[in-house]
Amino acid sequence: IQLFKNINIIINSMKNKETFTVYYKKALKTRLLNSNVSNLNNESYLINILIQNNDLIDVSRLLVMLKDYQSSIIYSSEFNKLFNNNAFVNLTTYDMWGITPNEYDTNNFSKRFRNEIETMKNNFKTYYLINNEDRNVNFVDDISTCFIDFNGVELECNYLQANLLYQLDDNEYIVMNKNMDKMLVNSLLKPKLLIKKDGKLFVNERFQYSKPSLKLYKLYRKNDIKKSVKKEMQGLVFKKQEYLDAFIMRSLKKNKESYINCKELYKDATEHLKDKFKIEKELFDNRISHLQNNGYLELSDNSVKYQI
């Protein structure tokens, strides 16, 4: 707790303070998506301390991520009771987590696996929209996982791995071809779940694992090349929109009960961010409209007010 209280002192001594926010957000996202958060109160306590540091950008989004996770626990529990399921659905507010909706074309998937995915998605969408008619639901397949029991070992697979295993459950073997995802195949060959013989893939019926579960999805990586620290730092650059959004929301939160004139807010933003970039009026107006359309602020008579 004492470290938390002094965290702003540490951050203010850093040359590039935004770096801390980027790394913390990345780590928090990983913990939340993997349900690996030991104490939500501690996370909330730290984030509220960070919000008090007026020179940090993007911190307010961290609280949204925590609230999303808390909602995920409630919605998933109720959904499972209603549909006799055992799923955990991470609800991630659009434009807050740095996650882009992405759904696979499942036409070439195993019919059984495709039906299971579509049934779960349709059921959850129906359930969620009953209480949230003004929301949209989009899924992110490339970070979603499912569980398969194989020879007494619980495999946590991504959708592509699960589909390949379903296909092999329906067929004696699969003939390999040049269009197959090599990383996908290797992620199943490495733990010896599959055997490759004469250009064909077979299930290894003798597969054994020393532990009761295996996070198979971790063996499949789109970006397997480790980046150097220097290259990683080069990627820690916020977009103009993110800087501006963060400044607008931070200003509105300081004056939660009153409206701020857009002309004055634009003047303040221009002055505050002048060392980073020049703010065009068109960009400012676009961000105000974006935040209004997503329910983060109220706009009335060319003045804005914090809404959440």
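The dialogue below sets values against definitions, one topic at a time.

Student: What kind of model is this, and what does the chain contain?
Tutor: This is a predicted model, and its chain has twelve helices and nine strands. The C-alpha atoms fill a box of roughly 70 × 45 × 40 Å along the principal axes, and of the 308 residues 40% count as buried.

Student: Why is serine 303 called buried?
Tutor: The word is used for a relative accessible area under 20%, and serine 303 has a relative accessible area of 14%, so serine 303 is buried. Serine 303 has its place in strand S9, which covers residues 303-306. Leaving aside neighbours within four places in sequence, serine 303 is in contact with Tyr259, Ile260, Asn261, Cys262 and Glu298.

Student: What makes S7 and S9 a pair of strands?
Tutor: Two strands pair if at least two bridges are found between them, and two bridges join S7 to S9, so these strands pair, and they run antiparallel. In S9, serine 303 is the bridge partner of asparagine 261.

Student: In what order do the strands of that open sheet lie, and which are its edge strands?
Tutor: Three strands form the open sheet in the order S7-S9-S8, with antiparallel pairing. The edge strands are S7 (260-261) and S8 (297-300), since each pairs on one side only.

Student: How do you know that S1 and S2 pair?
Tutor: The requirement is again at least two bridges, and S1 (residues 145-150) is joined to S2 (residues 153-158) by six bridges in the antiparallel sense, so the two strands pair. For threonine 145, the bridge partner in S2 is asparagine 158. The two strands form a hairpin with two residues between them, and asparagine 151 in the turn has a positive phi of about 50°.

Student: Which residues of S1 make up its covered face, and which its uncovered one?
Tutor: The covered face of S1 consists of Cys146, Ile148 and Phe150, whereas Thr145, Phe147 and Asp149 make up the uncovered face.

Student: How do you know that the end-to-end distance of helix H10 agrees with its number of residues?
Tutor: The expected span is 1.5 Å times one less than the number of residues, and for the 15 residues of H10 (residues 240-254) this should give 21 Å; the end C-alpha atoms are 22 Å apart, which agrees. The buried residues of H10 include Tyr243, Leu244, Phe247 and Ile248.

Student: Why does leucine 201 count as buried?
Tutor: Its relative accessibility is 0%, which is under 20%, so leucine 201 counts as buried. Leucine 201 is found in strand S5 (residues 200-203), and, leaving aside neighbours within four places in sequence, its contacts include Leu168, Tyr173, Met180 and Leu189. Leucine 201 and tyrosine 306 are 105 residues apart in sequence, and their C-alpha atoms are 57 Å apart in space.

Key: Residues are numbered from 1 along each chain as its sequence is written. This is a predicted model: local features need pLDDT of at least 70, side-chain atom pairs count only at pLDDT 80 or more; totals for chains, interfaces and linings use all residues. Side-chain values use heavy atoms; hydrogens and water are left out. Helices (H or I, at least four residues) and strands (E, at least two) are DSSP runs, numbered from the N terminus. Buried means under 20% relative accessible area, exposed over 50%, partly exposed in between (1.4 Å probe, protein chains only). Contact means heavy atoms within 4.5 Å.
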